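Subject: Structure handover

Hi,

Here is the structure for your files. Please open it first; my notes follow below.

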Amino acid sequence: MPRHSVDIEDVSFSPGSTVKAGRSLLTTVLVENYGEKDQEDVKVTVAIPELGVSASEFIDEINKDDSENAPEMFLQIPAT
């Protein structure tokens, strides 16, 4: 087992998979630590490069063999 190994366990979007232009998309990301060590300051980024939008948040700590949700991230979808 690697000392450092995290993986995205789940991603959810609100209001779902369809968002109107000019509105926000709320994103929640669940990250799991598969490594042998606790992980600190894990950066999670959600991006839609085609629209030029992204958001990042940090998870302070994920204990080994545990999962943590990143703070909710809002992506502002351009009006055009």
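In which strand does Ser54 lie? Ser54 lies in strand 4. Strands here are DSSP runs of E with at least two residues, helices are runs of H or I with at least four residues, and both are numbered from the N terminus.

Before the rest, the ground rules. This is a predicted model, where local features need pLDDT of at least 70 and side-chain atom pairs count only at pLDDT 80 or more, while totals for chains, interfaces and linings use all residues. Residues are numbered from 1 along each chain as its sequence is written, and side-chain values use heavy atoms, with hydrogens and water left out.

Overall picture
The protein has zero helices and six strands. From the N terminus the order is β-β-β-β-β-β. Its C-alpha atoms fill a box of roughly 45 × 20 × 20 Å along the principal axes. Of the 80 residues, 25% are buried. Buried means under 20% relative accessible area, exposed means over 50%, and partly exposed is in between (1.4 Å probe, protein chains only). Take the contacts (heavy atoms within 4.5 Å) with a separation of 6 or more: 54% of them join residues 24 or more positions apart.

Two residues
Ser54 has a relative accessible area of 53%, so Ser54 is exposed. Beyond its neighbours within four places in sequence, Ser54 is in contact with Val46, Ala47 and Leu75. Ser54 and Met73 are 19 residues apart in sequence, and their C-alpha atoms are 9.0 Å apart.

Thr27 is in strand 2, residues 24-33. Thr27 counts as buried because its relative accessibility is 0%. Leaving out residues up to four places away in sequence, Thr27 touches Val11, Ser12, Phe13, Val46, Glu72, Met73 and Leu75.

Charge
The protein has 6 positive side chains (Lys and Arg) and 16 negative ones (Asp and Glu), with His and the chain ends not counted. The centres of the two sets lie 5 Å apart, with each charge placed at NZ of Lys, CZ of Arg, CG of Asp or CD of Glu.

Asp38, Glu40, Asp41, Asp60, Glu61, Asp65 and Asp66 form a negative surface patch. Strand 3 (39-48) and strand 4 (53-62) each give two or more residues to the negative patch. Patch residues have over 30% relative accessible area and no salt bridge, with like charges joined within 9 Å. A salt bridge is a side-chain nitrogen of Lys or Arg within 4 Å of a carboxyl oxygen of Asp or Glu. Asp66 sits in the loop between strand 4 and strand 5 (67-69). Its relative accessibility is 31%, so Asp66 counts as partly exposed.

Best wishes

Notes. Patches are made of residues with over 30% relative accessible area and no salt bridge: like charges are joined within 9 Å, nonpolar side chains (Val, Leu, Ile, Met, Phe, Trp, Tyr) within 5 Å. Accessible areas come from the Shrake-Rupley method with a 1.4 Å probe; for residues, only the protein chains shown count as cover.
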